[in-house]
Amino acid sequence: MAKTRIERSVQELYADDPERADALAFGRRGALRGASLAAMGAALGAAVPFAGNMPRGLMPAAFAQGAGPALLQIDGKEPLINRGERPLNLETPEHLLDDDVTPASKMFVRNNGNPPEPLSGDWRAWKLKIDGEVNTPLEITIGELMSRFQNVTYQLMIECGGNGRSFFVPETRGNQWTNGAASCARWTGVRLRDVLQAAGLKPTATYTAHYGADVHLSGDPNRPTISRGVRLEKAMEEHSLIAWAMNGEPIPLMHGAPLRLVYPGWAGSASQKWLTRIWIRDREHDGPGMTGTSYRVPVTPIVPGSRHDGKGFAILEEMPVRSVLTNVRNGQRFAAGTRSIALRGKAWAGERTVKAVHVSVDYGQTWNVMQLTQPVNKYAWQVWSGSVTLPSDGYFEVWYRATASDDRMQPHVAPNWNPSGYGANPISRAAILVG
Ligand SMILES: Nc1nc2c(c(=O)[nH]1)N[C@H]1C(S)=C(S)[C@@H](COP(=O)(O)O)O[C@H]1N2
Ligand SMILES: [Mo]
């Protein structure tokens, strides 16, 4: 009879040394059996009905998140996941992405520096400068933007380029986001292209460069916290906005009051908050956030964990396909005898639409097709829903994955490892316990 010695709890071992835990639990035959199966069940808190399908080399979802994340509550917000206080970075717990339109109270916060002081006086007097490769540089107030150009409202995704970063192996530097550095609020403003056309683009106009009023952590007023830009094609896209309102209200301070850019579907870092200046350049912008490995990804795969200066990398633009589960939390318990669970979530795919969401509760042997709404406009997320049936009580993992209109699907592991950790969108997983 094969013997498996488990010298410490499986859970402890997974936390400490996942590879060794895996080798011990799965043994040479690569399947959970005998004592290791019992130990796994004990650690997970229930029998594992689909243990035979449990893949070796993948940490059980119940262990993957470690201890519950630390929360932080700031004014006007629900408690969000604390990803650092200086600068302030808050992640939305996945289950708080359940609203069709993300309210300000649940929106993730990503700051590279310190937000400016709250405005006193009329926010409509805030000035935006447009200069560089234009015929008529503009200095225009929000009030003038409102009256001179067509006002539009769209529901738009803003997603941090590093969303999902914590799924990279090995770990990369940067905020260890899970899936919650994403929002989909209703933004009101004017099209950037209308304003650029009013300024008159010179034939040399190639790229935008954005500046905001937040303050570099060093305190140096002349040092931008972040200054990214986009190719002119994206700036001229009809959903690229200069926005002054979110969900029908003035933009909250943390989200860029009183004026910000919104470039939906692309890395959120281009969506400059506290916007003061758009410099039109005759070449690719080279401000902080545009060089080295910052918002840049390998064109051909590099060795995970290797050092790289970013030479030959491409600028991160469109975000990849991703899904979130919003009505069930990782680790949630259900009453004994529960055999059907309703599930609901969101999915989005950068520039594209999502064409399918699939859910598996047996480690990927069978996939259930979920229902999926159409986006309310381009760049809005889609709502998925459906139900799964369970054969018995026990420990299960809900795996959910979206497929984009170009047939790209969330992969089994975070793809294209890169030093700063962009674009990680592996199949998402939530542990559930029945009984
Ligand atoms: N001025 C300024 N704009 C900024 C940032 C910043 O630090 N300063 N962070 C960017 C990044 S990296 C992201 S992901 C989004 C986050 O927007 P939110 O904080 O409103 O959710 O804002 C972008 N705009
Ligand atoms: Mo970001």
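These exercises walk through a predicted model, each with a worked solution.

**Exercise 1. The shell of ligand 1**

Find how many residues surround ligand 1, and which are the closest. Then sort the shell by class.

Solution. 
- Step 1. Count the neighbours. Ligand 1 is surrounded by 18 residues.
- Step 2. Pick out the closest. They are F108, N112, D214, H255 and K273.
- Step 3. Sort by class. Six residues of the shell are nonpolar, eight are polar and four are charged.

**Exercise 2. Polar contacts and burial**

Which atoms of R110, H255 and S271 lie within 3.5 Å of an N or O atom of ligand 1? How much of the ligand does the protein bury?

Solution. 
- Step 1. Take H255. A polar atom of its side chain is 2.7 Å from an oxygen atom of ligand 1.
- Step 2. Take R110. Here a backbone N or O atom is 3.0 Å from a ligand oxygen.
- Step 3. Take S271. Again a backbone N or O atom is involved, 3.0 Å from a nitrogen atom of ligand 1.
- Step 4. Turn to area. Ligand 1 taken alone exposes 530 Å², and the protein buries 100% of that.
- Step 5. Look at the space itself. The largest cavity is the space taken by ligand 1.

**Exercise 3. An open sheet**

Give the strand order of the open sheet that holds β16 and β18. Why is one side of β16 and of β21 left without a neighbour?

Solution. 
- Step 1. Read the order. The four strands run β16-β18-β22-β21, with antiparallel pairing.
- Step 2. Find the edges. β16 (322-325) and β21 (371-372) stand there.
- Step 3. Draw the conclusion. Each edge strand has a single partner, so one side of each has no neighbour in the sheet.
- Step 4. Check one pair. Four bridges link β16 to β18 (residues 340-348) in the antiparallel sense. V324 faces K346 of β18 across this pair.

**Exercise 4. The partners of β13**

In what sense does strand β13 pair with β5, and in what sense with β9?

Solution. 
- Step 1. Recall the rule. Strands in a sheet pair through backbone hydrogen bonds, parallel or antiparallel.
- Step 2. Take β5 (residues 127-132). It runs parallel to β13 (residues 275-281), with four bridges between them. D131 stands opposite W279.
- Step 3. Take β9 (residues 207-212). It pairs with β13 in the antiparallel sense, over six bridges. Y207 stands opposite R281.

**Exercise 5. A hairpin**

Trace β1, β2 and β3. How many residues does the hairpin from β2 to β3 pass through?

Solution. 
- Step 1. Start with β1 (residues 71-72). Two bridges join it to β2 (residues 80-85), and the strands run antiparallel. L72 sits opposite L80 of β2.
- Step 2. Move on to β3 (residues 88-91). β2 and β3 also pair in the antiparallel sense, over three bridges. N82 faces L90 in β3.
- Step 3. Count the turn. The hairpin joins β2 to β3 through two residues.

**Exercise 6. Backbone exceptions**

Are the peptide bonds from V169 to P170 and from A257 to P258 cis or trans?

Solution. 
- Step 1. Most peptide bonds are trans, and most residues other than glycine have a negative phi.
- Step 2. Check V169 to P170. The bond is cis, with omega near -10°. P170 lies in the loop between β7 (151-159) and β8 (182-191).
- Step 3. Check A257 to P258. This bond is cis, with omega near 0°. P258 is in the loop between β11 (249-250) and β12 (260-262).
- Step 4. Check W274. Its phi is positive, near 50°. W274 lies in the loop between β12 and β13.

Terms used: Residues numbered from 1 in each chain as written. Chains lettered and ligands numbered in written order. Predicted model: local features only at pLDDT ≥ 70, side-chain atom pairs only at ≥ 80, totals over all residues. Heavy atoms only, no water. Near = heavy atom within 4 Å. Polar contact = N/O pair within 3.5 Å; in protein donor to acceptor, adjacent residues only side chain to side chain. Areas by Shrake-Rupley, 256 points an atom, 1.4 Å probe, with all protein chains shown as cover. 1 Å grid on protein atoms, 1.4 Å probe; cavity = no way out; pocket = protein on both sides within 12 Å on 5 of 7 lines; lining within 4 Å. Sits in = over half its atoms within 2 Å of the grid points. Nonpolar A, V, L, I, M, F, W, Y, C, P; charged D, E, K, R; others polar. Pairing = 2+ DSSP bridges.
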